Amino acid sequence: MSDSSHPPRTDISLSRVFWRVYRRDLTLAMRSVGQWLNTLFFFVIVVSLFPLGIGPGPQTLATIAPGIIWVSALLSMMLSLDSLFAHDFNDGTLEQLVISGQPLSVIVIAKVLAHWSTGGLPLVLLSPLLALVMQMPSSAYGVLVISLAIGTLSLSFIGAIGAALIVSVNQGGVLLSLLVLPLTVPVLIFGSGAVSSSSMGLPISTQISVLAAVLALAVSLAPLAIAAALRVGVSVGR
Amino acid sequence: MDSVAVFFHMGGYAFFVWTSYALTAVLLMGIVLWSSFQFRKSQQQSFKRALQHQARRQK
Amino acid sequence: MSESVELLLEAKGITIWRGDNLLMDELDVQLHAGDVLQIQGTNGCGKTTLLRALIGLAEFDEGEVFWCGQPFARARDGLYAELLYLGHKPGISPGLTPLENIKTLCPELPDDCRADVVQVLDELGISDRIDLPSAALSAGQKRRINLSRLQLQQARLWVLDEPLTSLDAQGSAWVREQITKHASQGGAVVFTTHQPLSFDDISVSTIELGGAE
Amino acid sequence: MYRVAGILSPLLAGACVLSLLIGLYLGLVVAPADYEQGDSYRIIFIHVPAAWMSMFVYMVMAISSAVFLIWRLKIADVVAVASAPIGAAFTAVALLTGSFWGKPMWGTWWIWDARLTSELVLLFLYLGYIALRGAMETQQGAARAAAILAVVGVVNIPIIHFSVEWWNTLHQPASITKFDKPSMHISMLRPLLIMVFAFQTLYFFNLMVRVRTLILEREARSSWVAALAGERTNG
């Protein structure tokens, strides 16, 4: 059908598409270091507010620590999700990616992983420090890091659906949280559940396996919804 | 006669039962009335727009 | 090439409303290989909306778009694999250098495509800025970087939104030359413009959109 | 479709009023008091139907949204949009009656029972749908975006319900879910089913009214609306 002088862009390997978008987003994030450092500071500040609010009693802190750390991680990710697609939408890159002819879900997965690498992973790496601050028993640190790692990754995917839906809405930030937070309830329940059970020495296999199941579901279904939402957002935006 | 009083008494839970029924009625009737009110209002508006549009189309 | 020129992009009965006024009513568009089509009209008459509607980047109330005879819903990826769209928004992210931006916008370019990019940017006179962050670029320079894709990419269908605005004589000449070359090689071009353009050795068909009432 | 809705709505309205009267009469007057909860259990006749309807309406929304996304049927989107506020109203009713029922039984207005918590999350899903709808100005875009949200939401409902149930048993291992229907004597079950039917007819009646409104608004430019307008004004 197409003559030789204009070959269609169909033979480009998926890994190249993936890595090019992933490296691009990562360099962008590295160049504006403030962006993801703010998320980190927000996470630390929110967690340290609770002892001030509730009182320094180690016993009370230890019992509420898993929930506090998890809810703060969730809110910090909501903060950084708002700009996941917004900048690319405003300067036109997003519509170019949508009509690039390359599979949109691969591009979307690359963008979500890039967002997680700067918006989620730092939180996971810092969480033991906050667990220490919150007087959590050291036996639970390992489970905290694992559950947060799995959990924040699925939050990135679920949150990206909301970010894609509001891409053409100005000041969509608040709306993003309203759309996404109900969907994060299972991750929150099993994530903090795993940590609190392990700090009490109880078995955590059910919680972790459910977290992993939710992650598998999110990784496989969310990109489809995100791609569809981006196609809508691009065709609506001024 | 007193059976009516007994009925309203609801075995001591009168307040809870009747308020919840009242609230339900308010909410459900509210949504129904609001919808029909909206229907009336938008009907005139759409008819006006339709006639206006028709007039402009024939021009 | 077959005797009858291959029909690439076709739109039938496109009707678009903006609020209560009708931008276009039952508009038909046909673009064959080698065609150059300009959509001419005043500001706000919906020419950008029509342009974007042809490639699924804008909603329309009635009508249907076909690519190589297939309805848009099925032929979308095929169309996008052969499409080059330059819109109002340049697609240049300020945090990246022009080279990085071009590599994002052209997935088919290999990672080591620096030499070709420099050569094309040289023709447009902005090769010196290739490694500086794009935030410092003026609107005109951003447009030139975007226009460099005309030569860097091999897309059969070009959809250009006012390609010649804010370009000096040398830039305009370069763009006209690209369009002429592209059409002669069997590619198709559709673009919007304020005032009608004429090209010396290729025929240009025109769709005129009435001003918004 | 506009005409069909026009014919259906009075019928549905009549059926709804009739079944409401019968249901209320049977539920409040005929049905015996519950041996354990006394008369306060009579709230069940509106709590359970409302909770059931809140789920039912979201299912209708999700299915019509999926149909709209796949086959681009404009009427499917109209049904989804029209159903959202009604579903939200049912959820609010379920939450209110739930807490009013809880007060005499457990002494507090709000208890983190599995059923009520899922109902609360469902309310947030409704509000999210309506808010997204409102926030997007152009009409087609809002329709498809909200439809995607509804489908994503319905995939999450069983997961949320499962995790809330698990969470509930974790923190209150002893008690059964408080809202399990008490062993229903036939005289209690009949009014409950009639009330469910009454709520169904109420929903469909309200849906027809809202669907007609939306059809008129969206088709205002087409000729048949003008014809209708002509009839109505000089008729």
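Trainee: What makes the meeting of C:Arg52 and A:Glu95 a salt bridge?

Mentor: Their side chains come to 2.9 Å, N to O. The rule asks for a side-chain nitrogen of Lys or Arg within 4 Å of a carboxyl oxygen of Asp or Glu. The pair therefore qualifies as a salt bridge. This is a predicted model, where local features need pLDDT of at least 70, side-chain atom pairs count only at pLDDT 80 or more, and totals for chains, interfaces and linings use all residues. Residues are numbered from 1 along each chain as its sequence is written, chains are lettered from A and ligands numbered from 1 in the order written, and side-chain values use heavy atoms, without hydrogens and water.

Trainee: How many salt bridges cross the interface of chain A and chain C?

Mentor: The rule finds four. There are also 20 residue pairs in polar contact, both at pLDDT 80 or more. A polar contact is a pair of N or O atoms within 3.5 Å; within protein, one must be able to donate a hydrogen and the other to accept it, and residues adjacent in sequence count only if both atoms are side-chain atoms.

Trainee: Which helix gives the most to the side of chain A that touches chain C?

Mentor: α1(A), with seven residues. A helix here is a DSSP run of H or I, at least four residues, and a strand is a run of E, at least two; both are numbered from the N terminus.

Trainee: How much area do chain A and chain C bury between them?

Mentor: About 3,300 Å², 51% of it on carbon and sulfur atoms. Buried area is the accessible area (1.4 Å probe) that two parts lose on being put together, summed over both. In chain A, A:His6, A:Arg9 and A:Arg20 lose the most to chain C, together 22% of what that side buries.

Trainee: What do chain B and chain C bury between them?

Mentor: About 330 Å², 31% of it on carbon and sulfur atoms. The count of salt bridges there is zero.

Trainee: Why are β2 and β5 of chain C called edge strands?

Mentor: The open sheet has the order β2-β1-β4-β5, with antiparallel pairing. β2 (21–32) and β5 (70–71) each have a single partner strand, so one side of each is left without a neighbour in the sheet.

Trainee: What makes β1 and β4 of chain C a pair?

Mentor: Pairing takes at least two bridges found by DSSP. Five bridges join β1 (residues 7–18) to β4 (residues 62–67), so they pair. C:Ala11 stands opposite C:Val65 in β4(C).
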